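Q: I would like to learn how to read aromatic pairs, disulfides and confidence values in a model. Could we work through one case together?

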Amino acid sequence: MRVIAVAVTIASFTTTAAAQNVAGLGAVLCREVLPHMDNKSFQSQLFAWATGFLTGVNMTNQANGLDYRDFTTMKMDVILGETRATCARNPELPIVSSIERMYQQFPVRK
């Protein structure tokens, strides 16, 4: 029940990401997420949101005849660690901005 309360509380924040047409966890500011980064349930939620977002970017690129990224090397601990590090340096960023930066780290496929 505590996990649901954390997710609902975090999802209720309105941020500048709303102007980017981002919904859900991606719209939450890093400073609001950092206190929850050690919670295993929250980590799973964040990883699920991030992989869905990254997959959506890939699908859009492929549909438009653009290069896409190979996610076979994606690891949860790396995504979470990089999100934590990015958020610690940039607490006013929405989570989507920290995840967008990771997209470029995966190998390009055509």
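Q: Are Phe 71 and Tyr 103 buried or exposed?

A: Burial is read from relative accessible area, where buried means under 20%, exposed over 50%, and partly exposed in between, using a 1.4 Å probe and protein chains only. Phe 71 and Tyr 103 are both buried. This is a predicted model, in which local features need pLDDT of at least 70 and side-chain atom pairs count only at pLDDT 80 or more, whereas totals for chains, interfaces and linings use all residues. Residues are numbered from 1 along each chain as its sequence is written, and side-chain values use heavy atoms, with hydrogens and water left out.

Q: How many aromatic pairs does the structure hold, and what is the geometry of the one formed by Trp 49 and Phe 53?

A: Rings of Phe, Tyr and Trp (its six-membered ring) pair if their centres lie within 6.5 Å, and planes under 30 degrees apart count as stacked, over 60 as edge-to-face and the rest as tilted. The structure holds three such pairs. Trp 49 and Phe 53 are stacked, at 5.2 Å centre to centre with 10 degrees between the planes. These two residues are four apart in helix α3 (residues 40-63), so about one helical turn separates them; helices (H or I, at least four residues) and strands (E, at least two) are DSSP runs, numbered from the N terminus. Trp 49, at 19% relative accessibility, counts as buried, while Phe 53, at 22%, is partly exposed.

Q: Which parts of the chain does the pair of Phe 71 and Tyr 103 link?

A: Phe 71 and Tyr 103 form an edge-to-face pair, 6.1 Å centre to centre and 70 degrees between the planes. Phe 71 lies in the loop between β1 (68-69) and α4, and Tyr 103 in helix α5 (residues 95-103), 32 residues apart. Ring pairs join Phe 71, Tyr 103 and Phe 106 into a cluster.

Q: Which cysteines does the disulfide join?

A: A disulfide is a covalent bond between the sulfur atoms of two cysteines, identified here as a pair of cysteine sulfur atoms within 2.5 Å. The structure holds one, joining Cys 30 to Cys 87 with an S to S distance of 2.1 Å. Cys 30 is in helix α2 (residues 30-33) and Cys 87 in helix α4 (residues 76-89), so the pair ties together parts 57 residues apart in sequence.

Q: Where in the protein chain is confidence lowest?

A: pLDDT is the predictor's confidence in each residue, from 0 to 100, and where it is low, the predicted coordinates should not be read in detail. Confidence is lowest in helix α1 (residues 2-11), at a mean of 47, and highest in α2, at 97.
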